[in-house]
Amino acid sequence: MENWYYSMYGHVEKLAEEIKKGASSVEGVEAKLWQVPETLQDEVLGKMSAPPKSDVPVITPNELSEADGFVFGFPTRFGMMAAQFKAFLDATGGLWRAQQLAGKPAGIFYSTGSQGGGQETTALTAITQLVHHGMIFIPIGYTFGAGMFEMEKVKGGSPYGAGTYAGDGSRQPSELELQQAFHQSKYIAGITKKLKQAA
């Protein structure tokens, strides 16, 4: 199972690391972590005070067909996935034409700047990408249990997938948000494994 993501300030990357751990906890599942290519020039990233990218490998579209399942992560830009991730998906036309991702399970996780910043609209608008590829969207629903109903602390995420709030950039994913990310990928990896065994 593969987890590919885009992260400008590290919030999504931190969730992605936990996503990888959750998928890897399922016996017989090999989880890989990839990042999509950056589309902004270094000069622009510097003006945005973006930290350097990590050493996680950058994926190419053709490598996607090798995976049995996916968990995609990205920050929100105006209630939708960041343009960098959308640009990467736009480059998957050859995979779409051959429907090489059809029937493969996929989940979504995300980061927003605030509670009204797109925790659900980001997931809803991202589902269209999965649908055109014929992928099977796997939401976490309320399988995370009591953690879904936390009201005393700020917590990102929704039945669509794990999430975090970045605020002004200084807030990092909370322990509860990391637990939700771990749960999400373990849940999706279990479903992916069952589908592969049934095929």
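Visitor: What does the side chain of Thr92 make a polar contact with?
Guide: The side chain of His133, at 2.8 Å. A polar contact is a pair of N or O atoms within 3.5 Å; within protein, one must be able to donate a hydrogen and the other to accept it, and residues adjacent in sequence count only if both atoms are side-chain atoms. This is a predicted model, where local features need pLDDT of at least 70 and side-chain atom pairs count only at pLDDT 80 or more, while totals for chains, interfaces and linings use all residues. Residues are numbered from 1 along each chain as its sequence is written, and side-chain values use heavy atoms, with hydrogens and water left out.

Visitor: Which backbone oxygen does the Thr92 side chain reach?
Guide: That of Leu89, at 2.5 Å.

Visitor: And where is Thr92?
Guide: In the loop between helix H3 (83-90) and helix H4 (93-98). Helices (H or I, at least four residues) and strands (E, at least two) are DSSP runs, numbered from the N terminus.

Visitor: Is Thr92 buried or exposed?
Guide: Thr92 counts as buried because its relative accessibility is 3%. Buried means under 20% relative accessible area, exposed over 50%, and partly exposed in between, using a 1.4 Å probe and protein chains only.

Visitor: What is Thr92 in contact with, leaving aside neighbours within four places in sequence?
Guide: Pro61, Leu64 and His133. Contact means heavy atoms within 4.5 Å.

Visitor: On to H3. Which of its residues are buried?
Guide: Gln84, Phe85, Phe88 and Leu89. Seen down the axis of H3, they fall within an arc of 140 degrees, so they line one face of the helix. The arc is that of the directions from the helix axis to the C-beta atoms. On the other side of H3, Ala83 and Asp90 are exposed.

Visitor: What covers the buried ones?
Guide: The cover includes strand E1 (2-5), strand E3 (70-77), strand E4 (80-81) and helix H5 (121-133).

Visitor: Which residues touch the most other members in the largest nonpolar core?
Guide: Trp4, Leu64, Phe70, Phe72 and Phe85, out of 28 residues. A nonpolar core is a set of buried Ala, Val, Leu, Ile, Met, Phe, Trp, Tyr and Cys residues joined through side-chain atoms within 4.5 Å.

Visitor: Which element gives the most to this core?
Guide: H5, with 4 residues.

Visitor: Where is Thr121, then?
Guide: In helix H5. At 40% relative accessibility, Thr121 counts as partly exposed. The C-alpha atoms of Thr121 and Gly79 are separated by 5.5 Å, with the two residues 42 residues apart along the chain.
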